[in-house]
Amino acid sequence: MNTKLKTSTKVFSLKVFIHLAALLPIVELYYLAFIDQLGADPVQRVIHFTGIGAFNLLLITLLISPLAKKFKQGYLIQVRRLLGLYAFSYAFMHVLNFIAFDLQFAWSLFFNEVVERPYISIGMVGFVLLTLLAITSHNTLRRKMGKSWQHLHNFNYLIVILVAIHFYWSVKSELISPLFYIVLTVILLSFRYKKLKAMLLTFFPSNT
Amino acid sequence: TTPLKFTADKANQALIKTPENKVISHNNFYEFGAQKEQPAELAQNFKVDPWQLTISGECDHPITLDYDDLTTMFALEERIYRLRCVETWSMVVPWIGFSLADLLKKVAPNSSAKYVLFETLYDPKQMPGQADRRLGGGINYPYVEGLRLDEAMNPLTLMSVGLYGKTLPPQNGAPIRLVVPWKYGFKSIKSIVSIKLVSEQPKTTWQQLAPNEYGFYANVNPNHDHPRWSQASERRITSGGLFSRNRTETLPFNGYGEEVAHLYKGMDLNKYY
């Protein structure tokens, strides 16, 4: 009983910390952007900040289960959904900022860009998949979906790969930070080597 | 920065200018860092006096200008120009300077002079982006740019030594830079130490890095997209924060077609981008 209480306290404080760490920078960001104190081009700044923020949060969600296993801290799994939902929220703001503040609701330009620009196309595919995961993250749906829930949520691995390529293709020449993120992604996916191999084999059964 | 004497650009006072604090804090000058706000931060100790600018190559009277010559050799005038970055943002900047044509006439190009090659200072001790590839965005230094001789002689082509009435801040390319208002911003090379008249078309910095994305001409062209984004419209950086309605159509030759379109008569601008 005593240890159980302790775990719930841990989870609670961790969740409070996650809420604050995810929300406070966003409040400050939009406040500064709104009063025109966020550099010369606040539009670019909010787009980059929310994009990188979403990527960081995605990578943190991928870090949770290796951490929980390695250090036998099973309770960490309980904050994974919250982190995933914040990753989605940042990605949602990223896309919304692009449409509202950069393109300023020039919808035809938006659809053209999504279709014609590979880095935007794969970014959008990643965002749509992430949206599906966010929608189905509720426990009731999870129970209803049974086994297919896990299949769907394994798309997380594909999403993070798409996001890494999206970042890499979006920059003009400064490749070092995208490359750093690609390395992080590969490391985090390498913890799932066996699982990913099994998944790939079900999609592409080998003859040997 | 110190105040300059110049004649005002009466014709273009109606253009809504980008606020001075934004012009001097949002810079692509990878020698001082590839992030927009880095040059304003990292260029403050950049030494521009003494300075030497050499004009040489295929000409009869090569010369070297000192720092003081840059602001005293020619009568300075204000030119309020639109600036269109290849990244799709744009500004309106009141530059101070003189026509490149006046400078080139002084050195008297000979009949072999077909192109003009510009070079930025190479000094990794002062320019941290040249010393550190991570900071400098991975491009090759020194930065080089080029123009065809007739483009260089066009009256719009400006050698700028100031903006908003004062000498250039280091982050904007002090003490002297090029401004070619009908081409994407990266053509307007900063902190120039050498101008050379040459017979062959030079390979410019961005062209070397990604030839399928950046060409020698780099004329602003809404009908020729960058392979990774559209060039049909742009976001004008003005005052006002996140909600300023500042997206506007991009014009061929950045709106200077009347003055420069004749230079490209008969050329396929989708091939010579």
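This is a predicted model: local features need pLDDT of at least 70, side-chain atom pairs count only at pLDDT 80 or more; totals for chains, interfaces and linings use all residues.

Visitor: How many helices and strands does chain A have?

Guide: Chain A comes to ten helices and zero strands, and its C-alpha trace spans about 55 × 55 × 35 Å along the principal axes.

Visitor: Where does UniProt place the "transmembrane region" feature in chain A?

Guide: UniProt positions are given in the numbering used here, feature names are shortened, and annotations may be inferred rather than shown by experiment. The unreviewed UniProt entry places this feature at several spans of chain A, including residues 12-34 and 85-107. Residues 12-34 of chain A are 100% helix and 0% strand, with end C-alpha atoms 33 Å apart, whereas residues 85-107 of chain A are 83% helix and 0% strand, with end C-alpha atoms 27 Å apart.

Visitor: What span should helix α3 of chain A have?

Guide: The expected span of a helix is 1.5 Å times one less than its number of residues. Helix α3 (residues 80-102) of chain A has 23 residues and should therefore span 33 Å, and its end C-alpha atoms are 32 Å apart, which agrees. Just after α3(A), Gln104(A) takes a positive phi of about 50°, and Phe105(A), in the loop between α3 and α4 (107-116) of chain A, has a phi near 60°, a positive value in a residue other than glycine.

Visitor: At what angle do α3(A) and α5(A) cross?

Guide: Axes are lines fitted to C-alpha atoms, for helices over the stretch in contact, and angles run from 0 to 180 degrees between N-to-C directions. The axes of α3(A) and helix α5 (residues 118-135) of chain A come within 10 Å and cross at roughly 140°. Angles under 35 degrees count as roughly parallel, over 145 as roughly antiparallel, 65 to 115 as roughly perpendicular and the rest as oblique, and α3(A) and α5(A) are therefore oblique to each other. Contact means heavy atoms within 4.5 Å, and among the residues that make it are Phe88(A) and Phe92(A) of α3(A) and Met124(A) and Phe127(A) of α5(A).

Visitor: How do α8(A) and α9(A) pack?

Guide: Helix α8 (residues 155-170) and helix α9 (residues 176-190) of chain A pack at an angle of about 165°, with their axes 9 Å apart, which makes α8(A) roughly antiparallel to α9(A). Their contact includes Tyr157(A) and Phe167(A) of α8(A), together with Pro178(A) and Leu189(A) of α9(A).

Visitor: Which residues does a cis peptide bond join in chain B?

Guide: One such bond joins Asp49(B) and Pro50(B), with omega about 10°, and Pro50(B) has its place in the loop between α2 (38-42) and β1 (52-57) of chain B. Another joins Ala174(B) and Pro175(B), with omega about 0°, and Pro175(B) is found in the loop between β8 (166-167) and β9 (177-179) of chain B.

Definitions and conventions. Residues are numbered from 1 along each chain as its sequence is written. Chains are lettered from A and ligands numbered from 1 in the order in which they are written. Side-chain values use heavy atoms; hydrogens and water are left out. Helices (H or I, at least four residues) and strands (E, at least two) are DSSP runs, numbered from the N terminus.
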